[in-house]
Amino acid sequence: MAAPDGEEQVPLAAPQIVKPLGMTTTIDNDMLQVLSHFEHRFSSMNFNSRKLEATSLQESHDLESTSSSKTSPHLNSPSQRPSRKARRSSLDRAEDVINHWDAASSDQAQESMIFECPVEDAEEYLGAVDKVQNMLESLTVHNQDPEILERVQNLLQLSMARLEEEFWHMLEQHSVSVDPYWLLDCLLAGSFANSQENEVTVPESCSGNEDDDVPVAEPVGDLPAILDLVPTEVAIDLQNIAQRMIRAGFRHKCCQVYVSVRKNVLEESLYRLGVEKLSIDEVQKMPWETQVDTIKRWNQAMEVGVKVLFPSEKQLCNQVFPSISDLCFCEIAKGAMMQMLSFGEAIAISRRFPDKLFKILEMYETLRGLIPEVDSIFCGSSGRSVRSEVSRLLMCLGEAAHGTFAEFENAIEQDGSKTPVPGGAVHPLTRSVMIYIKKLCDYKVTLNHLFGENNEVPKLLGNRNGAPVAHGDDEQDGKEELSPLAKQINWLTHVLRNNLEGKSKLYKDVALTHLFLMNNVHYTVQKVKTSEVQALIGDDWVRKHTSLMRQYATSYQRAAWSKVLGLLRDEGIHSAGGGSNEVSRAVLKDRFKYFNLAFDELHKTQSTWVVVDPELREELRISISDKLLPAYRAFVGRYGQFVETGRHRDRYIKYQPEDLEVALGDFFEGSSNSMILRRKP
């Protein structure tokens with residue numbers, strides 16, 4: 001509706017063209033006629049609303065002619081008077097249009113908005129404003145006609161007040177928040193496009209949800225990266241008003257109105273996504289469960305805000321304020337962005353505990369992934385503070401992740417539970433640590449980045465470069481190059497094993513000590529082998545810890561069964577004073593009696609012990625059987641005849657080999673009531 005810049009310059013340049021050609025009335029009128037033809041040709045290239053521009057152009061020529069007459073010898077000549085009359089006539093017409101829409105003098109102005117009336121009314125009003133602005137510029141330059149100048153200034157003030165009202169009204173009517181449920185559904189479905197080639201209009205329809213008092217825009221069609229927050233024709237009207245207000249020196253007021261309305265709408269959209277205005281103190285006082293929910297909403301709001309809402313807001317700023325869009329946009333979005341960053345800072349600096357690590361990593365990944373968009377949206381000097389704050393928060397979240405990881409190591413190392421797990425089963429600490437380690441793999445890319453590039457482990461764990469050697473582990477032989485996260489996990493399993501060794505000493509039975517360690521190492525190996533952890537920490541770790549588990553199994557068998565198996569050896573059976581083949585019946589009877597007592601005690605005790613893994617349990621039973629049954633069968637075969645002929649034979653040969661085999665099936669079941677052993681008849 002406003003004349004293009006080149007077109008506006010025609011009436012302003014006319015006097016400068018006329019002066020060098022002379023000051024005669026004839027030349028002036030001829031030149032003005034020529035320029036009028038140019039002016040009409042420019043007007044035909046634009047909207048029909050440009051009809052008023054022709055009059056404005058002629059008046060500017062007349063005004064310049066009048067100015068020239070001050071130095072002309074024909075100052076009071078009758079030929080100059082029509083120019084002044086034409087100017088007054090044009091001003092009168094513009095004044096009529098502007099006053100018609102003055103609320104103080106027109107009922108229609110009170111009841112209607114110009115830009116809601118037929119388009120001709122808006123075009124006529126903007127044309128009148130352009131006429132007044134052109135006249136004011138000309139009068140100001142040449143310092144002429146104080147009376148007319150005052151009228152023009154008053155009309156400009158009146159028109160700017162009306163345009164400000166129209167500007168505010170249009171923004172209020174067409175600025176609506178975007179439906180958060182629709183946005184989240186599209187976000188979860190991955191519908192946000194990376195390109196900005198396609199755009200969609202957000203209609204002014206309101207959602208039918210419980211927030212009926214809040215108008216909510218519902219975009220249609222496929223979701224692009226940028227939405228039209230107001231209809232295109234409204235954006236054009238807003239731009240036309242803004243151009244005239246800025247030209248008249250009302251830029252600050254125009255921006256102030258625009259920012260106040262759009263800022264509220266943006267904050268409302270973010271609020272409906274779950275972004276609340278919370279102080280750092282309020283965040284830190286939240287229960288952890290509440291923080292978890294708020295962090296989830298924060299991640300969603302950051303994604304939607306930076307990828308959709310902020311770019312869409314900036315696009316609208318570009319349409320309405322092409323020359324100052326960055327500054328205006330930052331005024332709208334900076335507060336909302338800083339509020340979200342403040343929440344992130346509150347989480348980063350609050351108390352650290354192991355379970356918090358994964359939420360911090362989620363926030364870190366969200367923010368790190370949005371850095372390119374942030375740099376693009378908040379560009380230039382006006383967005384420098386936002387970019388700086390985003391970088392600072394990213395660093396804070398990274399430091400928080402480091403510190404929280406270290407807290408997890410400390411929690412493993414300092415776990416001081418003094419109650420032994422019944423039966424030597426897998427300790428709860430082992431289970432929780434392996435669950436934690438498996439979950440670390442979900443963030444391996446981020447953790448490798450945080451723990452250092454080029455496989456350098458940060459000094460987060462006390463100047464350690466990888467896990468130390470423990471319990472027969474060999475040094476890394478260079479076959480597998482471990483990532484920073486793999487080294488950290490390697491170290492965590494070592495810290496866990498050290499703690500478990502301390503807990504194993506809570507058992508009074510040495511055999512149960514080894515069984516407990518066997519169970520727990522086997523559990524860690526199985527969890528590594530059945531998850532992504534093995535690919536991360538390598539096959540060497542699995543081989544070494546499988547070997548370690550077998551060492552503990554061997555140590556258990558040695559501690560539990562050495563005494564029993566020793567009773568089945570030949571040493572000490574023969575009489576000291578007799579021949580080499582003479583058997584001491586007294587010693588032999590004691591051997592059988594002690595064996596029966598020892599086996600009964602083992603059965604009673606180890607039936608309550610636990611080997612959780614069925615395969616390991618069966619493997620251990622078979623290993624015991626392979627040692628015990630052949631030795632017992634051979635011992636009974638060699639010496640059974642010496643006690644079978646005496647009284648109370650059953651007291652000595654209580655079990656047949658098959659009885660022992662059946663009894664071994666009760667071992668490691670964790671039964672509180674051991675079976676009563678019965679010998680075969």
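Visitor: How many residues are in the largest nonpolar core, and which have the most contacts inside it?

Guide: In this predicted model, the largest nonpolar core holds 184 residues. Phe 167, Phe 310, Met 337 and Trp 561 have the most contacts inside that core.

Visitor: What does Trp 561 touch?

Guide: Leaving out residues up to four places away in sequence, Trp 561 touches Tyr 556, Phe 599, Leu 602, Gln 606, Ile 624, Leu 628, Leu 664 and Phe 667.

Visitor: Leu 664 belongs to helix H27. Which residues of H27 are buried?

Guide: Helix H27 spans residues 657–664, and its buried residues are Pro 657, Asp 659, Leu 660, Ala 663 and Leu 664.

Visitor: Why do they line one face of the helix?

Guide: Viewed down the axis of H27, the buried residues fall within an arc of 155°, so they line one face. They pack against helices H22 (539–566), H23 (585–606) and H24 (614–639).

Visitor: Turning to the whole protein, what is its secondary structure, and how much is buried?

Guide: The protein has 27 helices and four strands. Of its 681 residues, 51% are buried. Among contacts between residues at least 6 apart in sequence, 80% join residues at least 24 apart.

Visitor: And the confidence: what is the average pLDDT?

Guide: The average is 79, and 74% of the residues score at least 70.

Visitor: Where does pLDDT stay under 50?

Guide: One such stretch is residues 1–82, for which the model has 114 contacts beyond four places in sequence. Residues 454–478 also have pLDDT below 50, with 58 contacts in the model beyond near neighbours in sequence.

Note on methods
Residues are numbered from 1 along each chain as its sequence is written. This is a predicted model: local features need pLDDT of at least 70, side-chain atom pairs count only at pLDDT 80 or more; totals for chains, interfaces and linings use all residues. Side-chain values use heavy atoms; hydrogens and water are left out. A nonpolar core is a set of buried Ala, Val, Leu, Ile, Met, Phe, Trp, Tyr and Cys residues joined through side-chain atoms within 4.5 Å. Buried means under 20% relative accessible area, exposed over 50%, partly exposed in between (1.4 Å probe, protein chains only). Contact means heavy atoms within 4.5 Å. Helices (H or I, at least four residues) and strands (E, at least two) are DSSP runs, numbered from the N terminus. pLDDT is the predictor's confidence in each residue, from 0 to 100. The arc is that of the directions from the helix axis to the C-beta atoms.
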